[in-house]
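Colleague: I would like a close look at a single part of this model. Please keep it brisk.

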Amino acid sequence: MQSNAALEYDYTVAKLFTYVTILFGFLGMLVGTILALQLAFPELNYLIGEYGTFSRLRPIHTNTVIFGFTVSGVFATWYYFAQRVLKVSMAESRFLMIMGKVHFWVYFIGALIATITLVFGISAGKEYAQYEWWVDIVIVIIWIMWGVNIFGMIGIRREKALYVSIWYYLACFLGIAMLYLFNNMSIPTYFATEGLGSIHHSVSMYSGTNDALVQWWYGHNAVAFGFTVPIVGMIYYFLPKESGQAIYSYKLSLLSFWGLMFVYLWAGSHHLLWSTVPDWMQTMGSAFSIVLILPSWGSAINMLLTMKGEWNQLAENPLIKFMVIASTFYMLSTIEGPIQAIKSVNAIAHFTDWIPGHVHDGVLGWVVFMIMASLFHMTPRMFKREIYSKKLMGIQFWMQTTAVVLYFTSMWIAGITQGMMWRAVDEYGNLVYSFIDTVTVLHPYYVIRGVSGVLYTAGFILFAFNIYKTITAGRKLTEEPQFRTPMA
Amino acid sequence: MDIQNIQGYGMFFLTIFLTVILYWYILYLYRSEKKGERDFEKYGRIALDDNIDSPLVEDKIASERDNTKEQNK
C-alpha cells in the first residue's frame, strides 16, 4: 500500500459493473414483461418456437434479474462505496485491481453462458437454482473472487471501524455462499443411473420433502441475502451521503442487522405451509416471519428518520424521492410477507397471484429503485459529470411508481379472487368453479400487469438513456459534490 | 423420542439461547454508551466524510501502532 497525497478512488471496476447492471436490468425486465403479456394473451407463447414459451422464458427472467441485474448492482456499488468508507483506493493494490477486473470479465462471460444454457433449456429444474452443476462451479469461482476483493479491501483499509453497510455486504457474501453451495448439491445423472444419464445434466442430492425444505431455505434466504441485506447496506450508505444526514440511529442499524441475521434464516419454511414438512417447522416458519417485521421495520424506520428535519429534500431532490419510496416499499413488502405467512391467510394466498404481487412490490419498488438511485448517485462522481436531466428522472419516477402500484394492486385482487374461487363449495361440498373459470375472471388483471410491465420497462429505458447521456453529454464537474448530486 | 421431536426441542432451546444473546446485545449497546465507553453514533460520520483525505473516525494504522507499543512495554 502506498501513501500518496494525490491519491484518488479508482472506479474502473465499478463502472464496468454499472454497465452490465443496466444491460441485465433491461433484458430481465423485457423478458418479465413478455411473460406478463403471455399470461394475458397466451398466443404470444408461440412466436419463436420452443425458445419463446413461458416455461423457457420464466427461468431466464428470474435468473437474469437476480444473478444478472441485482448481483451486478451489488458488485457495482461494492466497488464504489467500499473504497470510500474503508478509505482506501483500488489503485493502491495492483493485486486487488487485477482481481477486480478478472472478477468482472469472468462474471460477464459466465453470466452470458449461463443465460444461453437457459435459452436452450439446459436446466437442473430447481426454482431459482436452474443452472447446471458446471455453471454452478463458475458461479462459485465468481463469488470467491468477490470475497478476495472484500477481504483484501478490508485488510488494507485505513478506517478501523467497518461502516454498517460493509457488515451487510459481508452478510450477503457469506449468506449466499452458504445457501448456494448447499442447495445446489447435485449429482450428474450419468453417475446416478450407472451410465445411462448424461455428464452435464444433474439431479439434486436431496429428494422429496428434504429437497423442498432445502430449496425453500435457499429460496427464501436468497431473498434475504440477495434482495434485502445488500440493498439495506446500499441505502445505509447512499441515503445519508445524498442527504448529508448521518444515519438516525447507528445503534438501531446494528441491532436490526443482528435481528435480521437471527430471524431470517428460520422463516423459509413459510413457503411450505400445508405441505408434508413437519408441523412444528411450519409453525416456526410462520412465527419467525411475524417476528421478522421487527428488524425489517427497524431498518426502514431508521432510513426514514434519517430524513428528520430535512423532508424538504424529498420535494427538491428526485434521488431522495427514489430512496424514500424504496424504503416505503420495503416497509410494505415486509409487512405483506408476514401476513401471507400466517397459516390461515396462506391457505388462501398459496399458489395464487398474490404471491408474485408481493414479490414484485418488493423487487420493483425496493430493490430496483434502490439500485437505480445508487447508480444515479455514483455516475456523476465516477464520470465527473452532472446528471443529464432532472426532468427525465421525475418522469421516470412517476412512470415506474405507477407501474408498481398497478402491478401489486392487480395481483392482490387477482390473488384473493383466485384463492376464494378455488375454495368455494356449494351446499353439497362440491367445488363451484373449475380452474378455467378463475382464468377467465383473472384476465383483466393479467392485462393490467402486462401494462404495468410495459410502463416499468419504459421507465428503465429512460433511466438507461439518462445515464448514457450523463456519461457522454453531461456538464463537466470541476469538483466532486459532497452530498447532493448535481443535475441539469 | 423420534428425530422430529429432538429437532423440534433443539430448535426451541436454540431460539431461547439466541434471543437471550440478542437482548444482551441491546443492553450492551446502550449501557456501554451510557457509561461513556463507546460512542456508536460517531460511526455514522463514516458515510458522510468519505473522501480519501477526510478525517478518519478511527485510524487503523495508529491503533495497530498503539497496540504494538502496549505489547512491547
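Which residues does H61(A) touch, not counting residues up to four places away in sequence?

Modeller: First, the ground rules. This is a predicted model, in which local features need pLDDT of at least 70, side-chain atom pairs count only at pLDDT 80 or more, and totals for chains, interfaces and linings use all residues. Residues are numbered from 1 along each chain as its sequence is written, while chains are lettered from A and ligands numbered from 1 in the order in which they are written.

Now the contacts. H61(A) touches G28(A), V31(A), G32(A) and L35(A), leaving aside residues up to four places away in sequence. Contact here means C-beta atoms, placed from the backbone, within 7 Å. H61(A) itself sits in helix 2 (residues 54-86) of chain A. Helices are DSSP runs of H or I, at least four residues, numbered from the N terminus. H61(A) is buried, with 21 other C-beta atoms within 10 Å. The cut-off for buried is 20 or more other C-beta atoms within 10 Å of the residue's own, placed from the backbone.

An unreviewed UniProt entry annotates H61(A) and H360(A) as "binding site". They span 300 residues in sequence, yet no two of their C-alpha atoms are more than 12.7 Å apart, so they gather at one spot. Such annotations may be inferred rather than shown by experiment; positions follow the numbering used here, and feature names are shortened.

Next, that partner. H360(A) lies in helix 14 (residues 354-383) of chain A. H360(A) also counts as buried, with 24 C-beta neighbours inside 10 Å. Its contacts are Y407(A) and F408(A), again not counting residues up to four places away in sequence.

Technical notes
Helices (H or I, at least four residues) and strands (E, at least two) are DSSP runs, numbered from the N terminus. A residue is buried if 20 or more other C-beta atoms lie within 10 Å of its own, exposed if 12 or fewer, and partly exposed in between; C-beta atoms are placed from the backbone. Two residues are in contact if their C-beta atoms, placed from the backbone, lie within 7 Å.
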